[in-house]
Every structure is written in structure tokens, then in C-alpha cells.
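This report looks at how parts of a protein chain pack against each other. It takes a pair of helices and then a pair of domains.

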2 protein chains.
Amino acid sequence: MDKIITISRQYGSGGREIGKKIAEHFGIPFYDNELITRAARESGYAETAFENAEKKATNSLLYSIAMGMSAYGSQEAGFSHLSLDDRIYLAQSDIIKKCAEEGPCVIVGRCADYILKDRTDVVHLFVYADLDFRIQRAIQIDGVPREEAESVVIKKDKRRANYYNYHSGEKWGKASNYHMCLNSGFIGIENATQLFIDFLEKA
Amino acid sequence: MDKIITISRQYGSGGREIGKKIAEHFGIPFYDNELITRAARESGYAETAFENAEKKATNSLLYSIAMGMSAYGSQEAGFSHLSLDDRIYLAQSDIIKKCAEEGPCVIVGRCADYILKDRTDVVHLFVYADLDFRIQRAIQIDGVPREEAESVVIKKDKRRANYYNYHSGEKWGKASNYHMCLNSGFIGIENATQLFIDFLEKA
């Protein structure tokens, strides 16, 4: 496998699990939401870091962006007009680009498909499933209380769609933004994983 | 194969060719755009048929719909307010439903996925490709003049999207409306066909 693989997924579709299995199959690193968020936080956008911004010295463009400063350290210039959310997004984008530069890997979530859209060595996958399947998984895998499960699934997906549409200006879940899309609920997680692997081996 | 398979496709993506190969592989009938349109026309919506509407006697609901009459023959009641386009759509929908009732088959285009959405024995596929790939196919397969190819491809797809969105109230090319979606240009027509067959064999 000489490709970078991004996986976008509806909540409860098993996209993260499929991504992990694909990474294991090809023996390449796996980066999920949580990891990217943590890495971006550690790179300097956290609120405490903001408080100490004046005391820190850095030449990192990423850090400067996250701090709302230009690369030359002026708080007037550059990205000081950006909201914290936008700074987090930029910090995460930088992490994602760095992961991709290191070589083949699987990256789940965080608009990775959009962030890496100009690279020609990236394959974009989308995983989705019917609502019932996703509700059952939310209950069984994530331990969401049964009575809240439907509204949790719908809200989480709404948040993912909004996040994606806001940052990319594109429509989340539009087939043509991905190279392959699968309904994991219809075919099952195991089959979906195998079909994606078959696809990636031909890619 | 005990399923009905619908294929929606961008113009130039090879969706029709893939559908034909899938039908051959499983030894099931293949219904394309042209065939459905012709069958619907023959069933009675054509303009000459309209002119002779009064002279004809029929008990067919489809015919009555196409003629803008209720099933009981009154031109006041029923569908007389529908445009010719809407009547054609209804006649085609009826043909598609009849094809599906006859058993496993492949149906390409004409909103078949939407028309059959309430059946549980139907698998919906979507085939798309990058613009360049589709332009090349329009030139090579359909003989579209090179200088017109890009605008022809874009216009044809716009028409397909409008047709689908108008009749279904849904968004054409939204991944979650299909069970599997593939970029045929990225993976090639042969590989795409094989991957769809693998998917269908697991479905």
C-alpha cells in the first residue's frame, strides 16, 4: 500500500473500526479524530497555551497560526481575527498534512479528505449506514442509553455535516467527493472492510 | 442473484456498460433508459395516442394515468392536471415497477432507485467519475465532437440531476441513497464491475 487513505463516516456506521482494520491489514499507521485533536492541542492551541502566548517563543507557523499571530510574531497581523474553532481547525489541518507527508496511513474524520484533496496519492472512502443500524451500534459499542440513542446519532451526524460543510464549502456525504462509498449496515462491517481492502489493492 | 439492482450514473462514467456486464454475469435481464422510455411510450403516453384518447377503450390504470384520466375514464378526475413530462414519468415508473415485479434484473437510470425505494429486495448502486474521464468516454464511446465534449457532459449531468431532484425531492448523487458508490474513472470500468459483483454476491 503506497496510498494515504482518508475515511469519512456517519456516526455509528463503524467507519472508525473499518479504518483501523484497513490500517492493520496494510501495516500502516492509523490516525483517528481523538489522536489528531490531541496532537493539535499539544501543538499549541489550548486555552492555557493562549494565556501563556506572550511568554513563549516559537518559530512554528502552525503555532503562530494557533496563537493568532503572524509567523513573525505580530498579533496585529495574520490570523488574529480567527475564532478559536477556526484556529483549532487550522492546527488540526496542519497535523493531518504532516501525517500524510510521513507516508501511507489511514486518517479518520476531521475533514481529512478535503484537507488532502490536492494530493494525488490519497484515496477517499465514505462509510454510512441506515439509522437503525447506527442506533444499535451507538447503544452496543458506545454505551449510549437506549432512550437517547436516536437523538444522539442524529445530533452527532448533524454536527459532523455542519463541521464539514463549514470548513470545506462542500456537501458532506456527496458520493463524488470520495473514491468509494459503502453502506456498512447493509453489507456488514466485516464485508465492508474486505470490499474496501479489495478496492484499495486495485487502486 | 435474487435481487433487483438499480444503477444511477453520471454521464460518461460507464455506468450503463457496468450494468450490462453485471446483468450478463448474473444472467438476469437488463433494462436501460432507452428500453424503459420506449416501453412507456408504447404503453400509451405518446402524443398521437393522446389525440386518439377518446376513441380508445382501456382498463389499464397506467394508460389512464398517461391519458390524464382516472381509472374510470373521466377526464375531469385524476391526473388531467399533470404535464406531459409528469405523465411520461408516471408511465416510466409503472414500467420500472413491472420490471421489478418480474424478478431479479438490472435497471439503469430513470430514478429507478427512488421509484423502487420501498422494496427491500433492491440494491442501489451509483457510478461516477472525474470530469476528464467522462469527457474522454463521451468522445470515444458516444462520438461526441471533442470541442463540444465538456459542455455536453456537464449539460447531460445537469439534466440528470434536475430530473432526479425534481421527481424524487432528493439530491442526486448523495451517497446514502445508494448501497455502494464507485468512482469508475479512478479504478477502471473492469475493476468497478468486479467490485460491484463482489459486493452483490455478499449482499
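The model is predicted. In it, helices α1(B) and α10(B) cross with a right-handed sense. Two packed helices are described by the angle between their axes and the distance between the axes. Helix α1 of chain B covers residues 15-26, helix α10 of chain B covers residues 189-202, and the two pack at an angle of about 45° with their axes 10 Å apart. Angles under 35 degrees count as roughly parallel and those from 65 to 115 as roughly perpendicular; α1(B) and α10(B) are therefore oblique to each other.

Which residues make the contact between α1(B) and α10(B)? The α1(B) side consists of B:E17, B:I18, B:K21, B:I22 and B:H25. From α10(B) come B:I189, B:A192, B:T193, B:F196 and B:I197. By class, the residues of this contact are 6 nonpolar, 2 polar and 2 charged.

In chain A, 12 residues of domain 1 are in contact with 10 residues of domain 2. On the domain 1 side, β3 (105-108) and α6 (112-115) of chain A each supply at least two residues. The largest share of that side, 3 residues, comes from β3(A).

The table sets out the classes of residue in the two cases.

Technical notes. Residues are numbered from 1 along each chain as its sequence is written. Chains are lettered from A and ligands numbered from 1 in the order in which they are written. This is a predicted model: local features need pLDDT of at least 70, side-chain atom pairs count only at pLDDT 80 or more; totals for chains, interfaces and linings use all residues. Axes are lines fitted to C-alpha atoms, for helices over the stretch in contact, and angles run from 0 to 180 degrees between N-to-C directions. Helices (H or I, at least four residues) and strands (E, at least two) are DSSP runs, numbered from the N terminus. Angles under 35 degrees count as roughly parallel, over 145 as roughly antiparallel, 65 to 115 as roughly perpendicular and the rest as oblique. A crossing is left-handed if the near helix is turned anticlockwise from the far one by less than a right angle, and right-handed if clockwise. Two residues are in contact if their C-beta atoms, placed from the backbone, lie within 7 Å. Ala, Val, Leu, Ile, Met, Phe, Trp, Tyr, Cys and Pro count as nonpolar, Asp, Glu, Lys and Arg as charged, and the others, Gly among them, as polar.
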